[in-house]
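Work through the exercises below with the structure in view. Try each task before reading its solution.

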Amino acid sequence: ELFGKGSLTGEHSKRGLFEIADGGSIFLDEVGEMSAKLQTKLLRVIQDGKFRRVDDEQEITVNVRIICSTNKDLLSMVSTGDFREDLYYRLNVLGLNVPALRERRSDIIPLAEFFIAKFGQRIGKHNVSISDDCRDFIEHYPWPGNVRQLENVLIRAISLMEGQEVLTTHLQL
C-alpha cells in the first residue's frame with residue numbers, strides 16, 4: 001500500500017501512497033508498530049527519496065514530508081533493538097508530545113460535547129446534552145484508551161439511549 005505494485009507479472013501497476021503523496025505530506029499512524037523490514041524501506045525513502053514498487057525494477061523518486069505518530073516510547077524501543085536508531089533520528093526532527101487525556105482534564109468536556117454533537121447529527125438525534133452527573137463522571141474518569149475511548153463510549157451511549165440526555169448509566173466502560 002505504501003509503495004505500490006509494479007507490472008512484472010503483466011498485471012496493471014498500482015501507485016502507492018508515497019507516489020500519490022509526491023510533493024505533499026504523508027501521515028504514518030502508529031509508526032512504532034512498523035516491522036523491521038518496513039523500517040528499512042522507510043529509511044531509504046527518507047534518505048534518498050527513492051523506492052521500488054513491489055514486483056518492479058524501476059526506482060521511483062518522490063519528495064514527501066513524513067508525519068508520524070505513535071503511543072510507544074520509541075527511544076526505549078531503540079535501546080531494546082525493536083526500532084532502528086537511524087530511523088528514529090531521521091523521524092524525530094520536530095517532536096510533539098500530546099499528554100494523555102487524563103492529564104488534560106480541561107479538554108474532556110469540550111471533546112465529549114463535540115463527539116456527542118457530531119454523532120448525534122449523524123444518527124438524527126439533535127440537541128443531545130450531557131447530564132451534570134455524567135459531566136462530573138467523565139471529567140474524573142482516567143480514560144486509559146484516551147480520546148478514542150471517550151469517543152467510542154459516547155457513540156455507544158448515544159446509539160443505545162432513549163431521550164436527549166446522556167446519563168452516567170448510559171456509559172459502558
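**Exercise 1: The lining of the largest pocket**

By class, 20 nonpolar, 10 polar and eight charged residues make up the lining of the largest pocket. The model is a predicted one.

Task: State what volume the largest pocket has, and find which residues are the closest to its centre.

Solution.
Step 1. Begin with the volume: the largest pocket has about 1,400 Å³.
Step 2. Turn to the lining, which has 38 residues; Cys 68, Ser 69, Thr 70, Asn 71 and Leu 96 are the closest to the centre of the pocket.
Step 3. Assign the lining to helices and strands. At least two lining residues each come from helix 2 (36-48), strand 4 (65-68), helix 3 (74-80), helix 4 (85-91) and helix 7.
Step 4. Look for the largest share: strand 4 supplies it, with four residues.

**Exercise 2: Helix 5 against helix 7**

Task: Describe how helix 5 and helix 7 pack, and list the residues that make the contact.

Solution.
Step 1. Two packed helices are described by the angle between their axes and the distance between the axes.
Step 2. For helix 5 (residues 105-122) and helix 7 (residues 146-160), the angle is about 45° and the axes lie 9 Å apart.
Step 3. Helix 5 is therefore oblique to helix 7.
Step 4. The handedness of this crossing of helix 5 and helix 7 is right-handed.
Step 5. On the helix 5 side, the contact is made by Ile 108, Leu 111, Ala 112, Phe 115, Ile 116, Lys 118, Phe 119 and Gly 120. On the helix 7 side, Val 147, Leu 150, Glu 151, Leu 154, Ile 155, Ile 158 and Ser 159 take part.
Step 6. Sorted by class, this contact of helix 5 with helix 7 has 11 nonpolar, two polar and two charged residues.

**Exercise 3: Helix 5 against helix 6**

Task: Repeat the description for helix 5 and helix 6.

Solution.
Step 1. Helix 5 and helix 6 (residues 132-140) pack at about 130°, and their axes are 9 Å apart.
Step 2. The two helices, helix 5 and helix 6, are therefore oblique to each other.
Step 3. Where helix 5 passes helix 6, the crossing is right-handed.
Step 4. Helix 5 brings Arg 105, Ile 108, Ile 109, Ala 112 and Glu 113 to the contact, and helix 6 brings Arg 135, Ile 138, Glu 139 and His 140.
Step 5. By class, the contact of helix 5 with helix 6 holds four nonpolar, one polar and four charged residues.

How values were computed. Residues numbered from 1 in each chain as written. Predicted model: local features only at pLDDT ≥ 70, side-chain atom pairs only at ≥ 80, totals over all residues. Heavy atoms only, no water. Axes fitted to C-alpha atoms, helices over the stretch in contact; angles between N-to-C directions. Parallel < 35°, antiparallel > 145°, perpendicular 65-115°, else oblique. Left-handed = near helix turned anticlockwise from the far one by under 90°. Contact = heavy atoms within 4.5 Å. Nonpolar A, V, L, I, M, F, W, Y, C, P; charged D, E, K, R; others polar. 1 Å grid on protein atoms, 1.4 Å probe; cavity = no way out; pocket = protein on both sides within 12 Å on 5 of 7 lines; lining within 4 Å. Points joined across faces, edges and corners; volume = space filled by probe spheres on them.
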